[in-house]
Amino acid sequence: MIEHHILIDEQHEGSWGHASVRASDKRRAPVTRKADFRDAMARLGAAVNIITTDGPGGRHGMTASAVCSLTDEPASLAVCINRNSRIHAAIEENGALCVNVLNGEHEELSGLFARSGLSMAERFANAQWERLANGTPGLLGALCNLACSVMSVSEIGTHTMFFCRVEDIRMGPEGHGLVYFGRSYHRLTSAPAA
Ligand SMILES: Cc1cc2nc3c(=O)[nH]c(=O)nc-3n(C[C@H](O)[C@H](O)[C@H](O)COP(=O)(O)OP(=O)(O)OC[C@H]3O[C@@H](n4cnc5c(N)ncnc54)[C@H](O)[C@@H]3O)c2cc1C
């Protein structure tokens with residue numbers, strides 16, 4: 001069963017806090033402007049992934065960079081997804097997802113899985129997939145596929161954080177990484193900075 005937590009919007013628009021610490025914190029943090037926050041986040045480079053799911057909730061896929069490693073024992077990660085996205089309800093119903101870590105050649109594919117309005121069939125038709133042990137679609141040619149089961153979720157404002165246990169890992173061919181930084185895509189080589 002998936003545990004569910006809700007982080008409550010408490011002080012002013014755009015902020016949130018956890019119910020258990022709210023009552024004791026009388027101080028008011030300064031309001032952070034949304035535009036400033038977005039500008040700052042544009043400097044936080046992140047690997048680009050396609051999150052997929054399949055099962056009773058249907059087959060869905062979406063580009064996401066808000067993916068974070070949690071612990072290696074158990075192997076676990078977190079994925080943050082907008083509740084307005086089509087994949088959101090499907091992940092909740094299927095209880096499973098796959099993090100497909102994109103390589104440097106996948107910029108166009110990433111764009112398709114982030115483009116509003118394309119049907120799922122149109123998105124998936126642009127690449128080759130294999131069904132992983134948990135039923136989710138694994139992208140062939142991805143740097144790796146991480147097949148996960150959802151352990152718990154936390155709602156934070158407009159998004160849900162899915163906390164996942166990694167059930168199976170498939171390593172793909174080595175290649176360049178794909179990173180989103182400064183509002184554009186960059187290829188990452190494995191050579192260290194000089
Ligand atoms: C580099 C990068 C990183 C990103 N990282 C994240 C991230 O970490 N987390 C995150 O949440 N988002 C992230 N995004 C944004 C996300 O990829 C896009 O918002 C994506 O389009 C969402 O997919 P969607 O199909 O649900 O949205 P949309 O296609 O915009 O659909 C939104 C709503 O429109 C309706 N709709 C649209 N098309 C159809 C259709 N054909 N049939 C039926 N209903 C339809 C549905 O009601 C749906 O809920 C990222 C984007 C990029 C480029």
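The model is predicted. The shell around the ligand numbers 21 residues. The largest nonpolar core holds 20 residues, and a second, separate core holds 13. Threonine 52 has a relative accessible area of 0%.

**Ligand shell**

- Thr63, Asn84, Arg86, Ala114 and Ser116 come nearest to the ligand among the 21 residues around it.
- Ten residues of the shell are nonpolar, nine are polar and two are charged.
- Three elements each supply at least two shell residues: strand E4 (60-64), strand E6 (75-82) and helix H5 (120-124).

- Serine 65 places a backbone N or O atom 3.0 Å from a nitrogen atom of the ligand.
- Cysteine 80 has a polar backbone atom 3.0 Å from a nitrogen atom of the ligand.
- Alanine 114 has a polar backbone atom 2.8 Å from an oxygen atom of the ligand.
- The ligand taken alone exposes 970 Å², and the protein buries 64% of that.

**Nonpolar cores**

- Within the largest core, the residues with the most contacts are Ile51, Leu77, Ile81, Ile91, Leu97, Val99 and Leu146.
- The elements giving two or more residues to this core are E4, E6, helix H3 (86-94), strand E7 (96-101), strand E10 (144-156) and strand E11 (159-171).
- E10 gives the most to this core, with five residues.
- E4 and E6 also each supply at least two residues of the ligand shell.
- Valine 99 is in contact with Asn49, Ile50, Ile51, Val67, Leu77, Val79, Cys144, Asn145 and Leu146, leaving aside neighbours within four places in sequence.
- The second core includes Val48, Phe124, Ala142 and Leu178.

**Threonine 52**

- Threonine 52 sits in strand E3 (residues 49-53).
- Threonine 52 counts as buried because its relative accessible area is 0%, and the cut-off for buried is under 20%.
- Its side chain makes a polar contact with the side chain of asparagine 100, at 3.2 Å.
- A polar atom of the threonine 52 side chain also lies 2.6 Å from the backbone oxygen of proline 137.
- Not counting residues up to four places away in sequence, threonine 52 touches His60, Gly61, Ile87, Ala96, Leu97, Cys98, Asn100, Phe124, Trp129, Thr136 and Pro137.
- Among these partners, Leu97 is one of the residues with the most contacts inside the largest core, while Phe124 belongs to the second core.

Methods: Residues numbered from 1 in each chain as written. Predicted model: local features only at pLDDT ≥ 70, side-chain atom pairs only at ≥ 80, totals over all residues. Heavy atoms only, no water. Near = heavy atom within 4 Å. Polar contact = N/O pair within 3.5 Å; in protein donor to acceptor, adjacent residues only side chain to side chain. Areas by Shrake-Rupley, 256 points an atom, 1.4 Å probe, with all protein chains shown as cover. Helix = DSSP H or I, 4+ residues; strand = E, 2+ residues; numbered from the N terminus. Nonpolar A, V, L, I, M, F, W, Y, C, P; charged D, E, K, R; others polar. Core = buried A, V, L, I, M, F, W, Y, C linked by side-chain atoms within 4.5 Å. Buried < 20%, exposed > 50% of the residue type's maximum accessible area, 1.4 Å probe, protein only. Contact = heavy atoms within 4.5 Å.
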